[in-house]
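Trainee: Could you go through this model with me before I set anything up?

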Amino acid sequence: MKFDVSMFRAVTTEMWRILVAVEMGMKNHEITPVEIIERIAALKRGSAHHAIRECLKMKLVKHENKVYDGYALTWRGYDYLALNALVKQGHLVSVGSQIGVGKEADIYMGYNEADAPVVLKFERLGRISFRGVKNVRDYHGNRKHVGWMYLSRLATLKEFAYMTTLLDHDFPVPIPIACNRHCLVMSLAEGYPLQQITDCGDPELLYTRLMGIISRLALHGLVHGDFNEFNIMVTDDLRVTVIDFPQMIPLTHHKAREYFERDCNELHKFFLRRFHYEGPGVPSFPESLAVSLDEDVEKGISVEELNELNTYISALENMDGNPNTIDTLREERFDEDEAEETEEEQEEEPEPKQKRRRGERRYDEVMKRVRRQEENKKKRAVVVKRSKKGRSKRKQQKHFEW
């Protein structure tokens, strides 16, 4: 589903309560029953029913009545909940255009109360990876239900914790401002992606700085895991900023050496292919640590949640191979979004043979009558013209909408 905030201000207080109730119910249910929604939202049946219908029109929730009558959040509804919390906290005022697309994240420009630009990163786990997996719960032990929104929230918490720790130790990363659910707010990184640069002027200096960042991360007990030309921002004076940290793992991970060597080799191949520069070599995997940052990272995210997200990344490696094949996934990403949007629209259409409640039918009839009356009023506009003697003449004029 495409990101759209044009209807954000149209969400009423009752609708926000419905969205929060559906989100709380999804902790234990894949589809939250209507009775639980009404109980958590603390709304009367008529008000709750009206708010749910408005949420359905905006595609903030989706309806399912296969086993029982219930609703679940859509990605748009989850986006609205995160944005509403960030706005109330004062970290965000407006949302701009899209500035980047990752294999499992969307990047947008935003502005805070001081009219300063910020970056909004929305994690979208599950839209590309695990495409052929029908049941994700096998990868999460005894948990009854684990959805992609929950994993996206864990990825955001992990990235926020790593960015905060790395910034405290003077690593070149964007400044993490806040995070809520699956949305991360950070400062705008200066420069351009390394993938867009064709001539850097001094490839030797840039190569040395990037390899030094990889070695310094390893000495602090961390491996980036996705250190490529898409996640490196370079300015005109060759200052470097590293982004994208959901796949970062500690050096004690069983695949830490493999990820470390892959980051070094891929960067070495890129410089040879793009700048025709063959560096002196790649750094070796450290056997001892200078400083371990695992304890600092665990302050921002619990060990259980971190292990759960690492389990997802390991399963992703086994299913899809190399998760860094962004070039082949970019075009498939948009086809997947269009397919998901058409499937959601088909699911929302009611079945013709399905029996509807008496109250719903009555509500639809009343709403159709009100809309018909409003349309008739718009078509008949009264134009008042005053004559020279001061008399007023009224003429009815029909306006046709093409």
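Mentor: Let us start with Glu-14, which has its place in helix H1 (residues 13-25); helices (H or I, at least four residues) and strands (E, at least two) are DSSP runs, numbered from the N terminus. This is a predicted model, in which local features need pLDDT of at least 70 and side-chain atom pairs count only at pLDDT 80 or more, while totals for chains, interfaces and linings use all residues. Residues are numbered from 1 along each chain as its sequence is written, and side-chain values use heavy atoms, with hydrogens and water left out.

Trainee: Is Glu-14 buried, exposed or partly exposed?

Mentor: Glu-14 is partly exposed, because its relative accessible area is 35%, where buried means under 20%, exposed over 50% and partly exposed in between (1.4 Å probe, protein chains only).

Trainee: And what does Glu-14 touch, leaving out residues up to four places away in sequence?

Mentor: Glu-14 touches Leu-43 and Ala-51, a contact being heavy atoms within 4.5 Å. Glu-14 and Ala-51 are 37 residues apart in sequence, yet 6.1 Å apart from C-alpha to C-alpha.

Trainee: Switching to charges, how many salt bridges are there?

Mentor: The count comes to ten salt bridges, each being a side-chain nitrogen of Lys or Arg within 4 Å of a carboxyl oxygen of Asp or Glu. One of them joins Arg-181 to Glu-23, with the closest N and O atoms 2.8 Å apart. Arg-181 lies in the loop between strand E7 (176-180) and strand E8 (183-187), whereas Glu-23 is in helix H1, so this pair ties together parts that are 158 residues apart in sequence.

Trainee: Where does Glu-23 stand, buried or exposed?

Mentor: Glu-23 counts as buried, because its relative accessibility is 16%.

Trainee: What about the pair of Glu-38 and Arg-45?

Mentor: The closest N and O atoms of that salt bridge are 3.7 Å apart. Glu-38 is buried, with a relative accessible area of 15%, whereas Arg-45 counts as exposed at 56% relative accessibility.

Trainee: Which residue does Arg-239 pair with?

Mentor: Arg-239 forms a salt bridge with Glu-190, the closest N and O atoms being 3.1 Å apart. Arg-239 lies in the loop between E11 and E12 and Glu-190 in the loop between E8 and E9, so the pair ties together parts 49 residues apart in sequence. Elsewhere, a network of salt bridges links Lys-121, Glu-123, Glu-159 and Asp-244.

Trainee: What is the strand order in the sheet with E9, E11 and E12?

Mentor: It is an open sheet of three strands in the order E9-E11-E12, with antiparallel pairing, and two strands pair if DSSP finds at least two bridges between them. Strand E9 (192-193) and strand E12 (240-242) stand at the edges with a single partner strand each, so one side of each has no neighbour in the sheet. Helix H6 (residues 203-219) packs on the sheet, touching E11 and E12, and its direction makes about 35° with that of E12; axes are lines fitted to C-alpha atoms, for helices over the stretch in contact, and angles run from 0 to 180 degrees between N-to-C directions.

Trainee: How do E2 and E3 pair?

Mentor: Strand E2 (residues 61-64) and strand E3 (residues 70-73) pair in the antiparallel sense over four bridges, and a hairpin joins E2 to E3 through five residues. Within this pairing, Leu-73 in E3 is the bridge partner of Val-61.
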